[in-house]
Amino acid sequence: MNTYISTCVSGATEVVKEIISASVSDVRFVLDLDGLIMYRSNLDPSIIKQIRGVNNSFLVVRSFKPGEVAAIEDLVNKGIRDFSIVKEIHEYYGKKRSRVRVMASVGNKTVALARPLLEKFESKLIQRSELKIDRRLAETEVWFVVRNEGMKFIGIRLTMSRVDEKDLQPGQLRPEIAHILCFLSHPNVDDIVLDPFAGAGGLIFERTNFKYKEILALDNKQELVDKLTLKAKKQNKKIRVFRGDALHLIEIENSSIDKIITDPPWGMFDTSLGDLKAFYEQMFVEFDRVLKQNGLVVLLSGQKEVVDELLRLKVDRFKLIRRYDILVSGKKSAIYVLSKR
Ligand SMILES: C[S@@+](CC[C@H](N)C(=O)[O-])C[C@H]1O[C@@H](n2cnc3c(N)ncnc32)[C@H](O)[C@@H]1O
């Protein structure tokens with residue numbers, strides 16, 4: 001049986017555990033911390049690596065409880081002295097001629113290891129294996145991780161080809177957060193889904209990883225609409241893209257949408273929005289009109305005070321089902337799951 005760790009966006013541990021359980025069978029959770037889930041499974045790493053909604057997944061070679069190992073240097077020294085650790089890493093790679101690098105993090109921040117220590121471990125790693133050290137263009141990574149809670153582990157990163165910030169268009173949601181929002185909408189094969197603030201399409205493209213009947217994507221910027229249309233065509237995705245105003249969805253009939261999954265502007269970069277409270281209030285009026293009875297809204301916003309106040313005082317057509325306070329690029333935000341009354 002293998003031990004795995006998946007990391008996730010802070011505040012989303014509970015829902016990411018649900019995603020892991022729904023994605024793979026044979027999982028026994030052993031520990032969860034904020035943004036980190038440890039579990040045991042007989043499944044092969046190649047299956048674990050496919051799980052979406054997580055930031056990264058690792059095959060754990062060794063883990064240590066708080067107090068067992070003092071600092072990152074002690075952890076690396078364990079890797080140098082305990083031959084069985086390197087042996088297990090070699091077993092994972094087998095005859096693969098991978099380019100590998102050694103990484104370390106303390107309290108969620110990547111740290112540089114002292115050169116002599118790093119080189120000592122690297123030389124152990126390449127001894128009697130086909131592995132090559134390549135610190136710049138590695139295909140695979142061995143990690144030494146020290147968490148703030150005191151837990152530490154040595155692991156092999158399974159999710160190497162994940163999207164970097166530079167692969168995303170400005171404002172585009174990271175796929176793992178988009179996946180969490182889509183999952184929270186209880187995806188169904190008959191869903192007619194709308195994202196009226198589609199932007200670069202982070203949410204709607206992630207939604208195509210689940211079954212659906214129809215996806216509608218709308219934005220008020222023509223250039224974004226054009227890019228989305230092209231991307232959907234290139235990827236052969238059944239998505240209807242059009243330009244429009246999310247506050248006046250004239251193209252969309254009353255009670256015709258099952259789910260709205262969206263990330264409206266947070267008012268930090270776009271000064272043309274005017275009074276943000278009025279903007280969000282009108283948005284809810286329009287969502288109420290186009291949604292079917294019991295339809296769902298999954299909304300991400302960095303304007304928690306605005307949304308909270310509206311839900312408390314003004315927007316009585318929606319019931320709050322779940323709410324997650326998460327960090328998006330370091331900014332406090334929340335995911336709201338709302339059901340139309
Ligand atoms: C936070 S971004 C959405 C990003 C998107 N989730 C993604 O992954 O790319 C908000 C988007 O709403 C659009 N927008 C702003 N006001 C709008 C309105 N009244 N109607 C429709 N779209 C609007 C902006 O052009 C922007 O693309």
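Axes here are lines fitted to C-alpha atoms, for helices over the stretch in contact, and angles run from 0 to 180 degrees between N-to-C directions. Welcome to a predicted model, where local features need pLDDT of at least 70, side-chain atom pairs count only at pLDDT 80 or more, and totals for chains, interfaces and linings use all residues. Residues are numbered from 1 along each chain as its sequence is written, and side-chain values use heavy atoms, leaving out hydrogens and water.

**Helices H9 and H10**

- Helix H9 (residues 276-290) packs against helix H10 (residues 304-313) at about 55 degrees, with axes 10 Å apart; helices are DSSP runs of H or I, at least four residues, numbered from the N terminus.
- H9 and H10 are therefore oblique to each other (angles under 35 degrees count as roughly parallel, over 145 as roughly antiparallel, 65 to 115 as roughly perpendicular and the rest as oblique).
- Contact (heavy atoms within 4.5 Å) involves residues including Tyr280 and Phe284 of H9 and Val306 and Leu310 of H10.

**Helices H3 and H5**

- The axes of H3 (residues 72-81) and H5 (residues 115-126) come within 9 Å and cross at roughly 30 degrees.
- That makes H3 roughly parallel to H5.
- Among the residues that meet are Val76 and Ile80 in H3 and Leu117 and Phe121 in H5.

**The ligand**

- The ligand is surrounded by 21 residues, each with a heavy atom within 4 Å of it; the closest are Leu173, Ala200, Asp219, Asp245 and Ala246.
- A polar side-chain atom of lysine 221 is 2.9 Å from a ligand oxygen atom.
- A polar backbone atom of alanine 246 lies 2.9 Å from a nitrogen atom of the ligand.

Terms used
Helices (H or I, at least four residues) and strands (E, at least two) are DSSP runs, numbered from the N terminus. A polar contact is a pair of N or O atoms within 3.5 Å; within protein, one must be able to donate a hydrogen and the other to accept it, and residues adjacent in sequence count only if both atoms are side-chain atoms.
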